[in-house]
Amino acid sequence: MTDELHIIGGGMAGSEAAWQAAQMGVQVVLHEMRPQVATFAHQTGLLGEMVCSNSFRSDDDEQNAVGLLHWEMRAADGVIMRTADAHRLPAGGALAVDRDLFAQSVTDTLMAHPNVRVEYGEITALPTEGHWIIATGPLTSGALGQAIAAETGAEALAFFDAIAPIVYFDSIDMSKAWMQSRYDKGETEEERTAYLNCPMDRDQYEGFIDALMAADKTEFHEGETAGYFDGCLPLEVMAERGRETPRFGPMKPVGLTNPHAPDVKPYAVVQLRRDNKLGTLYNIVGFQTKMKYGAQADVFKSIPGLENARFARLGGIHRNTFLNSPTVLDGQMRLRSRPNIRFAGQITGVEGYVESAAMGLLAGRLAAAEILGTAADLPPECTATGALITHITGGAEAKTFQPMNVNFGLFPPVEGLKSGRRGRKDRYKAYTDRAKAAWQAWLEPGALDGA
């Protein structure tokens, strides 16, 4: 057992950690409680299941920090990016996938690896010996969550994450809707028409906001507080911050021309993104919600083109727990009080599929190096992965620590470049060029043994 790596949680982080360690020659036992123990948000027992969205966001590795993280994970032969590329769907400049084929492929790949064994069942206590990674994500089971809280001596922070609804394509009225990516972004016609758009005039928008605000919402249990991550706000919470807020967020009308009325500029636009390879399912982009199910159907059917919509899944809301990592984790992602246990993924305080998988990639490599008896250097802070790990293990202020997406604000500045919007393109290219060189050097043989 001492030479095996045990990983709790078969989501993005756990799956990537298992793959990386197994590829380094370490025997891995991946523990997953689903399908024996269900969660509110998961639909299957597959590894790498995508819960909230089917998008890994921007794939631009020269001008976007998320795209750079994609590049780093591809360079490290990450199973999440490899699988995403194999099952990608048209999504303009984003990397979106058929979520069912993606999860099935991740599961099949890990099941077939000679160094990976998957064991199903819930782990309810912190292990006292052996090498472990806890990658249980935002839906850590109650028993394990209590064990973590008891060990750290402080309550885990928490916020609430919301899920967007999914619509059957054949129930959408295409005499009102049309296919177009914003600003016609994409290299192929399929990419340039990757999004389905439903236009609203001002009266329709105002009526929609009124209905949204008046709808029955999910109530929180006693003792729960409604803290939201700003990158995944429920639509009604956006509207509460100002009636026009959604129109400058997911419902912004810019970069789009309605072919049914090319001379009429929509006041707002609702976008849907393809959710599966067949094109039979579309998710409503940015429409995470805490509305109750009956209210959702009524409100969303007020959107032009969705009057007769049928829903494959309605939206929902779930509690998302995470550690105060700057306080309880060391620089190697180990629990300070129990250094045989590492944490990875969203529970560490990163936000997003890609960020979670990247922390799994790093934790798997660090744990494998330790088992193999070699020193393990962290990636340079100027890389996307290095910037994230620096943030969660000490770069952030512990008193105000909150989940964070990867962004260039976490990167050390490049000297001699202009600040402000005018210099942004050159600055971002400098960030990504520097990061790629540093990441490739870190991946060279010997990088994980201190050479």
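Is Asn-258 buried or exposed? Asn-258 counts as buried, at 9% relative accessibility, where buried means under 20% relative accessible area, exposed over 50% and partly exposed in between, computed with a 1.4 Å probe on protein chains only.

## Basis of the report

The structure is a predicted model, in which local features need pLDDT of at least 70 and side-chain atom pairs count only at pLDDT 80 or more, while totals for chains, interfaces and linings use all residues. Residues are numbered from 1 along each chain as its sequence is written, and side-chain values use heavy atoms, with hydrogens and water left out.

## Asn-258

Asn-258 is placed in the loop between helix H8 (235-240) and strand E12 (268-274). Helices (H or I, at least four residues) and strands (E, at least two) are DSSP runs, numbered from the N terminus. The side chain of Asn-258 reaches the backbone nitrogen of His-260 at 2.9 Å. When residues up to four places away in sequence are not counted, Asn-258 touches Trp-178 and Pro-199; contact means heavy atoms within 4.5 Å.

The buried residues are Ala-65, Val-66, Gly-67, Leu-68, Leu-69, His-70, Trp-71, Glu-72 and Met-73. At the N-terminal end, H2 is capped by Asn-64, a side-chain oxygen of which lies 2.8 Å from the backbone nitrogen of Val-66. H2 is followed by Asp-77, which has a positive phi near 55 degrees.

Two packed helices are described by the angle between their axes and the distance between the axes. Helix H2 (residues 65-75) packs with helix H3 (residues 79-86) at an angle of about 105 degrees, and their axes are 7 Å apart. That makes H2 roughly perpendicular to H3. Axes are lines fitted to C-alpha atoms, for helices over the stretch in contact, and angles run from 0 to 180 degrees between N-to-C directions. Angles of 65 to 115 degrees count as roughly perpendicular, those under 35 as roughly parallel, those over 145 as roughly antiparallel and the rest as oblique.

The H2 side of the contact is made by His-70, Met-73 and Arg-74, and the H3 side by Ile-80, Met-81 and Asp-85. By class, three nonpolar, one polar and two charged residues take part in the contact of H2 with H3. Ala, Val, Leu, Ile, Met, Phe, Trp, Tyr, Cys and Pro count as nonpolar, Asp, Glu, Lys and Arg as charged, and the others, Gly among them, as polar.

## Gln-20 in helix H1

Gln-20 belongs to helix H1 (residues 12-23) and is buried, with a relative accessible area of 3%. Its side chain makes a polar contact with the side chain of Arg-365 at 2.9 Å. A polar contact is a pair of N or O atoms within 3.5 Å; within protein, one must be able to donate a hydrogen and the other to accept it, and residues adjacent in sequence count only if both atoms are side-chain atoms.

A polar atom of the Gln-20 side chain also lies 3.2 Å from the backbone oxygen of Ala-76. Apart from neighbours within four places in sequence, Gln-20 is in contact with Ala-76, Asp-77, Gly-78, Leu-361 and Arg-365.

Phe-208 and Phe-287 form a tilted pair, 5.9 Å centre to centre, with 35 degrees between the planes. Rings of Phe, Tyr and Trp (its six-membered ring) pair if their centres lie within 6.5 Å; planes under 30 degrees apart count as stacked, over 60 as edge-to-face and the rest as tilted. The pair links distant parts of the chain, 79 residues apart: Phe-208 is in helix H7 (residues 202-214), and Phe-287 is in the loop between E13 and H9. Phe-208 counts as buried at 1% relative accessibility, and Phe-287 is buried with a relative accessible area of 1%. Ring pairs link Phe-208, Phe-287, Phe-300 and Phe-311 into a cluster.

Met-291 lies in the loop between strand E13 (281-284) and helix H9 (293-300). Met-291 is buried, with a relative accessible area of 2%. Leaving aside neighbours within four places in sequence, its contacts include Leu-212, Glu-236 and Phe-300.

Arg-57, in strand E3 (residues 55-58), has a positive phi of about 70 degrees although it is not a glycine. Arg-57 is partly exposed, with a relative accessible area of 27%. Asp-184, likewise not a glycine, has a positive phi of about 55 degrees. Asp-184 is in the loop between strand E10 (178-179) and helix H6 (189-192), and counts as partly exposed at 41% relative accessibility.
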